Amino acid sequence: MVEYDKRKIIKVGEKSYAVTLPKKWCSELGLQPGDIVDLIFHETSIVLKLKSRKPAENAQIFLDASKGEERLIRQLIACYIEGATRIKIKGDPREVSRLLQQLMKKLMGLVAMGDLKSPYTDVVILESHINLKDITKRITSITTEIFDTIFSYLESGDKKLLNEALRYCDEVSQLYFLGLKTTKGELLKADSEDVLSMVDLAMFLRDVEHMTGSLIRLIKALERMDHEGLEVTREVFILVRKMALDALQAFTGDKIEMALSLLSSKDKLKEMLERNHEVLDRLVLNEFNLIMNLSSSIAEIVLGKCVRNKMCRCKYFYPKL
């Protein structure tokens with residue numbers, strides 16, 4: 001519910017102004033005289049931010065497995081990202097256990113508890129305190145390894161390498177959900193500058209997750225291609241791989257020149273894809289285009305960080321004439 005109220009600014013002392021808050025709002029938010037709140041000045045707005053309050057330890061979420069497997073998966077992922085720690089699931093305990101085993105590949109710290117003969121399964125999500133920079137470095141490192149492993153396959157034809165690349169993809173998925181969960185938790189105590197950086201991180205994580213999905217589909221397409229098709233794909237993949245890895249490095253290292261260079265090379269890659277559209281597998285071509293666009297999106301996040309941090313007064317946005 002959104003409510004509107006108009007208040008007059010009053011002068012307090014020689015250097016401060018004050019605005020009163022409606023008592024009803026304070027009561028609903030649990031605010032008392034003497035409580036501390038954060039004030040954030042951003043562009044044309046002043047935002048009042050409450051200190052975060054931890055949810056009650058006994059709070060528990062109840063889910064019903066009979067409503068459908070896909071729905072239950074999405075509900076569990078949402079609970080995980082939002083920081084829930086205790087969930088009770090009603091349903092066939094063996095089916096729920098099977099589903100949780102699949103989800104454990106994506107959600108770190110997911111633990112099933114309770115008796116298999118009980119109609120309820122208790123799920124505990126272990127709390128973790130992991131540095132967001134460490135998550136970013138790890139997900140960048142693993143995604144780089146996936147590209148390198150696929151490239152090694154295109155050179156050697158050893159299909160074991162494709163299975164290795166798929167295993168790395170599972171870890172990216174874990175880090176993606178862990179990163180979203182950690183980001184949401186950190187936002188509760190962040191100031192305005194940190195909030196914008198965390199939005200950048202969430203966008204980066206989403207792009208990398210989509211890129212990994214694209215690589216999984218690419219791997220499946222490569223498995224059924226003959227030697228000639230792999231040779232053609234290899235030549236284009238070299239450029240696609242370079243663009244993607246440059247985007248990852250540009251983000252993790254705040255490398256503005258690399259991001260700009262990447263965006264400049266996009267047209268070259270686009271021309272190459274168009275030139276080879278008749279010889280490249282259609283599915284492979286689609287994934288290459290998607291990876292190219294996601295790499296550009298990551299590079300644009302890097303440019304946005306530069307604009308915000310240097311207010312467009314650096315040599316890239318305000319060159320000396």
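His 129 counts as exposed in this predicted model, because its relative accessibility of 79% lies above the 50% cut-off. The residue is placed in the loop between β8 (120-125) and α4 (132-156). His 129 and Gly 185 are separated by 56 residues in sequence, and their C-alpha atoms are 9.6 Å apart in space.

**Nonpolar surface patch**
- Leu 21, Leu 39, Phe 41, Ile 46 and Leu 48 make up a nonpolar patch on the surface, and together they have about 570 Å² of accessible area.
- Strands β3 and β4 each contribute at least two residues to the nonpolar patch.
- Leu 39 belongs to strand β3 and is exposed, with a relative accessible area of 64%.

**Second largest pocket**
- The second largest pocket holds about 800 Å³ of space.
- Its lining consists of 23 residues, and those nearest the centre of the pocket are Val 19, Thr 20, Leu 21, Trp 25 and Leu 48.
- Two or more lining residues come from each of α1 (23-29), β3 (37-42) and β4 (45-50).
- Helix α1 gives the most to this lining, with four residues.
- By residue class, the lining comprises 15 nonpolar, three polar and five charged residues.

- The whole structure contains 14 salt bridges.
- One of them joins the side chains of Arg 241 and Asp 148, at an N to O distance of 2.9 Å.
- Arg 241 lies in helix α7 (residues 227-253) and Asp 148 in helix α4, so this pair ties together parts that are 93 residues apart in sequence.
- Asp 148 counts as partly exposed, at 24% relative accessibility.
- Glu 155 and Arg 234 form a salt bridge in which the closest N and O atoms are 3.2 Å apart.
- This pair likewise links distant parts of the chain, with Glu 155 in helix α4 and Arg 234 in helix α7, 79 residues apart.
- Arg 234 counts as buried, at 19% relative accessibility.

**Other salt bridges**
- The side chains of Arg 224 and Asp 281 meet in a salt bridge of 3.3 Å, N to O.
- Arg 224 is in the loop between α6 (192-223) and α7, and Asp 281 is in the loop between α8 (256-275) and α9 (282-310), so the pair ties together parts that are 57 residues apart in sequence.
- A network of salt bridges links Glu 69, Glu 95 and Arg 98.

**A buried loop residue**
- Leu 31 is placed in the loop between α1 and β3 and is buried, with a relative accessible area of 14%.
- Leu 31 and Leu 245 are 214 residues apart in sequence, and their C-alpha atoms are 48 Å apart in space.

Methods:
Residues numbered from 1 in each chain as written. Predicted model: local features only at pLDDT ≥ 70, side-chain atom pairs only at ≥ 80, totals over all residues. Heavy atoms only, no water. 1 Å grid on protein atoms, 1.4 Å probe; cavity = no way out; pocket = protein on both sides within 12 Å on 5 of 7 lines; lining within 4 Å. Points joined across faces, edges and corners; volume = space filled by probe spheres on them. Nonpolar A, V, L, I, M, F, W, Y, C, P; charged D, E, K, R; others polar. Patch = residues over 30% accessible without salt bridge, like charges linked within 9 Å, V, L, I, M, F, W, Y side chains within 5 Å. Areas by Shrake-Rupley, 256 points an atom, 1.4 Å probe, with all protein chains shown as cover. Salt bridge = Lys/Arg side-chain N within 4 Å of Asp/Glu carboxyl O. Buried < 20%, exposed > 50% of the residue type's maximum accessible area, 1.4 Å probe, protein only.
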